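Good morning, everyone. Please look at the model on the screen while I talk.

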Amino acid sequence: PDCIGKLDNMEELDLKNNRFTGELPVSIGRWEDLLHLQLSGNQFAGVIPDIWNGSTTMKRLYLDDNKFEGPLPPSLVEALVADTVDIKVDP
């Protein structure tokens, strides 16, 4: 749900293998302190939204085993100062 973005000071979120569906909530782009995002093994679909602001710097990002499509958004690419990235996007 979009209300998840109201959580303040989020540094790590691990929702692996929970069978979540639909698109990523755009509100997660509000987390300026996010370092680790683990969303693997769900059923998220569609285009990854261009929602990350310039102050977010992620070190670990896992979006594999979902149903994303299209290119990675520029704001996400800029936010990655990654040690680990695991993304699978269908063409």
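Start with Asn-42. Asn-42 is buried, at a relative accessible area of 0%. Buried means under 20% relative accessible area, exposed means over 50%, and partly exposed is in between, using a 1.4 Å probe and protein chains only. Before we go on, this is a predicted model: local features need pLDDT of at least 70, side-chain atom pairs count only at pLDDT 80 or more, and totals for chains, interfaces and linings use all residues. Residues are numbered from 1 along each chain as its sequence is written, and side-chain values use heavy atoms, with hydrogens and water left out.

Where does Asn-42 sit? In the loop between strand 3 (36-38) and strand 4 (43-47). Strands here are DSSP runs of E, at least two residues, numbered from the N terminus.

Now the side chain of Asn-42. One of its polar atoms is 2.9 Å from the backbone nitrogen of Arg-19. A polar atom of that side chain is also 3.0 Å from the backbone oxygen of Leu-39.

Who else is around? Skip the neighbours within four places in sequence, and Asn-42 has contacts that include Asn-17, Phe-20 and Asp-65. Contact means heavy atoms within 4.5 Å.

Take Asn-17 next. Asn-17 belongs to the loop between strand 1 (12-14) and strand 2 (21-22). Its phi is near 55°, a positive value in a residue other than glycine. Asn-17 is exposed, with 52% relative accessible area.

Last, Asp-65. Look in the loop between strand 5 (58-62) and strand 6 (67-69). Phi of Asp-65 is near 55°, positive in a non-glycine residue. Asp-65 counts as partly exposed, at 49% relative accessibility.

Terms used
Helix = DSSP H or I, 4+ residues; strand = E, 2+ residues; numbered from the N terminus. Polar contact = N/O pair within 3.5 Å; in protein donor to acceptor, adjacent residues only side chain to side chain.
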